[in-house]
Amino acid sequence: MKPAFASSIRIGCTYLFQLCLFLWFNTADILANDYFRAVETGIQFRHQPGNSGQRYILETVSSGCAFLDYNNDDLLDLYLANGNRLSESTTIKWKNELVMNALYRNNGDGSFTNVTQTAGVGDTGYSIGCGVGDYDNDGWIDLYVTNFQRNTLYRNSGDGSFTDRTRAAGVECSSWSTSCAFLDYDRDSDLDLYVVNYLDFQLTDHKNCGDQLRPDCGPSEYPAASDMLYQNNGDGTFTDVTSHAGVLNPNGKGLGIACGDIDNDGDPDIYIANDDTRNFLYRNNGDGTFSDVTLLAGVGFSEDGEVQGGMGTSFGDYDNDGWLDLIVTNYQDQVNTLYRNDGNGLFSDASYTTLTGPVSYPMVGWGTDFFDYDNDGWLDLFVANGHLLLNVAQFDLTSTYHQPNFLFRNRGDGCFDLLDLGISFNRSSRGTAFGDYDNDGDTDLLILNTDDRPVLLENRVGQDQNWIGLKLVGKTSNRSAIGARVRLTVGKQQQMQEVAGGGSYASGSDLRLLFGLGDAEIVDRIEILWPTGEVETRIAVKSGQYLTIIEQRVE
Amino acid sequence: MVHGFRAGVLILICALPAAFADTQAVQQAERHLERGMQHYADGELSSALVEFTQAQSLAPALPLPWVGIGLVYVGQGRLESAISSLQSALSIEPDLVIAHQQLAQLFSQKRQFDLAIDHYQQVITLAPKAASGYAGLGVVLATQGRFSEAIVQFDKSIEIDPDNPVTHHHLGETLGWLNHLQQAVSALKTSLRLDPARVESHYQLGVMLMRQQLYQQAVSALKKAVQLNSRHKSAHYNLARAYAKIGKQTEAEATTHLFEQLHQVDEQVKPFRRRLEVDPSNLNARYQMAQIYAEHNWSKAAEIQYQRILALQPDTTAAILGIIQLRMARENFQAALEWAKRLTQVQPELSVGYTYVGILSAELDLVEEVVQAYRRAIDLNPDSPTAYNNLAWFYAQRNIDLDGAVELCQMAIQRSAKPTYLDTLAQIYFLRGQYPMAQQAIEKAIALDPQNQTYQDRLQSIKDAILVHD
């Protein structure tokens, strides 16, 4: 009996091992739920956080991703930021060609082709994030990559390749950068660049703080690195205006950025989600400077006035009242904070009353955005989750490294319902990009998972409702129309969205705007407020189409 | 907690089996237990530990000494040792409610919620009429985010003990997590009816009212919270928010300013608090925290940390010194003197203890003790100028033995020509009517510290005296 028993165990183990291998390599095939389906993209990219064994704090924040149409074929391509292998040595050699960022061209049939080498965007540094925008207004989307140490500005040459213009443009920012955003803060019709920096940290600064099981030092053990604001000079170069613009703050440990017009005065304001330090809300004064209005606006702290571990952030008008609200994802044992814009310069903490906060308490939240997944006319909310300590479950039974991501359905009454995405989606997720990769009229998700493969989630429900997509092209305004605001009226309902650079965590999303219309087949009115201040309207527009609107006024 | 334990132990001692009580060893053990409880109640954890340990060795079959030892370890932040001791108690007496209760709290603190729940369920099984088991279980469930289950437990606890404000508070807070705001407000108001001075209930009531956008009412609740605890950071934050919502901009800004001040202290202690979360026995982190609190005149917070250091390591000089300084800052010289004397007992070869005894005895006008203490300090550390100068100044203040004072002061200056010592010398010469020498000394002090107004005033007095004398 014994040998046979042992044999059956061995057979069982072999079978299980094979099954595990099968599941491991075919994860994408089985990922599906009522809302999303993981696309079998053929993408071989795998994120590399470092795996040095040293547990550097650098290895915890992971990376982001972007949707961008780099070749103007109206199909969203994918850019994936990657870390790099780190050794026990504190000397970094950034020449591991096997680990680099990747650009995948959308073939239009659900498959993607790796074009990293031909495009020349395979940054081999330790990358955290990326941002997209046409900074030189030539009609081709450009790319900025944030790194630990030197960042990279890739200018799109328009022929399928990019050129590294970092040094010439003066935007190296040799700090530990995380998120970034293109925005036209001075409304001079070219895109400026805000770079969010995290810690003033080198690998040689690494130390241990806890015990053998949990030696990791948190961000409070390291000094902050100030963010940078670069003003576009209009000639391919930028000027560091951080101090002059009033956004030099040495106390911020920045991870996320959202840009949007919070006070409806026509210019973009900036919100920074900081880890372990209070967040920043910079109100644009309209004269090239900003004022830090965080405390009086009430968006710097948790409901209890405590500093949080801010990670990702985004603006969105979830209650359709015409004012941009704000979501900030936070560290474990803190709730994600949803700030409702009261419209008078003040925000209210609506984390509990919207029911989006409490459920996030055990999670570590990262990429996030408001988007209308079911096209019912109310912005829903997605939050990517994942712990940053691989062995967290060993010392904290309430947590796990892989965590479920959250999709909250907006009920339209000020509350959200958490939808069950299913356990098979659990990863240690980080950056998330939002966009309609298959142009079927609903928003899909690109999620970068730490030390794992990214996942492209195709929306399965949005196309059941009516929708309209808008691709705005600036003429007098910046070409990407970043900062343009659209008010859309269907019956009694009004919706508002802005074209935003930044948002989420370390990621860049589709610059087109997608509105859910429910069962309405005709949009009564579309009003476009361009960054220049010009207003254009369209009336009685048919649903179910992507409409390209080119700014009319040409000087 | 201390009194709760004491009461619990008393009850349990009364309930000891007669067979145990017959033996002499057990009777001795009981006496040690009693003394240990007294020390524990007085916060003297090390002495309590000695007594409990003796009780345990005298009567190894008694579970209560292990409970006492466990509680001391809890107080000292030695959680693993505490768990081990309490488990030893349970291995002797598996139905010991107090041990289950303490273990439940410890496991909850260590975020081992499953174990915490197990022990609370034991408590409930063993003492189904005790409200605390249900309340404790409710807290653990709420901490896990199992709010509805927590509410069931709180309700059971309230059914048994409807007059416990803490349970009503927990119920209110938990209802808030579920967005049942009106019920939350009701529970918190009940908590406040039972204990109107309960700061956290005022605060949580304010928060619930904020969520309901009842800002005027929120202001009232939050104002009470900050009146009861002026350093309640969260209450200040929400009060500022509530003022802003009702358009009271000036009050909003002023309260925000107060919040920011509190926040800054919080930020400074944060790294050390994090280290203590990982290792509650990290003395250095605790000391750094205490120092920061002391710098900001948060005496109570500082003293708590110093006392915790002493609970872990009773002879820690830095902590005793910290407490002496805190008491001095509050001008509680008698208490400070007692601590200074304790320092001389703990570290009899350390001159600084005697120097403090000298300083504090001088404040209390205990002349003989002043002289004795400074002389002892000088004997122990003849190279330190402080005691020389202090004693010289003491003589000068009382206009006694001025010759000796000059000699002492010169000894201090030989060791370190600090302006303050030169000032002492100037004052002594002045008292002796040696005005030119006094002027010479104070001018040297002024050369070293030109901005010091005291020295300037003294120079003027000396010059005036010279004029009169001439």
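## Basis of the model

This is a predicted model, in which local features need pLDDT of at least 70, side-chain atom pairs count only at pLDDT 80 or more, and totals for chains, interfaces and linings use all residues. Residues are numbered from 1 along each chain as its sequence is written, chains are lettered from A and ligands numbered from 1 in the order in which they are written, and side-chain values use heavy atoms, with hydrogens and water left out.

## Chain A

Chain A has seven helices and 35 strands. Helices (H or I, at least four residues) and strands (E, at least two) are DSSP runs, numbered from the N terminus. The C-alpha atoms fill a box of roughly 85 × 50 × 50 Å along the principal axes.

Of the 555 residues, 62% count as buried. Buried means under 20% relative accessible area, exposed over 50%, and partly exposed in between (1.4 Å probe, protein chains only). Chain A carries 37 positive and 79 negative side chains. Lys and Arg count as positive, Asp and Glu as negative; His and the chain ends are not counted.

## Chain B

Chain B has 27 helices and zero strands. Its radius of gyration is 29 Å, but a compact globule of 470 residues would have one near 23 Å. The C-alpha trace spans about 90 × 75 × 35 Å along the principal axes. Of the 470 residues, 51% count as buried. Chain B has 40 positive and 47 negative side chains.

B:Asn332 sits in the loop between helix H19 (317–329) and helix H20 (333–346). B:Asn332 counts as partly exposed because its relative accessibility is 35%. B:Asn332 and B:Ser47 are 285 residues apart in sequence, and 26 Å apart in space, C-alpha to C-alpha.

## The A–B interface

In chain A, 33 residues are in contact with 35 residues of chain B. Contact means heavy atoms within 4.5 Å. The area buried between the chains is about 2,800 Å², and carbon and sulfur atoms give 50% of that. A:Leu295, A:Leu296 and A:Glu303 supply 18% of the area that chain A buries against chain B, more than any other three residues. Buried area is the accessible area (1.4 Å probe) that two parts lose on being put together, summed over both.

Notes
Charge placed at Lys NZ, Arg CZ, Asp CG, Glu CD. Rg over C-alpha atoms; globule rule 2.2 N^0.38 Å.
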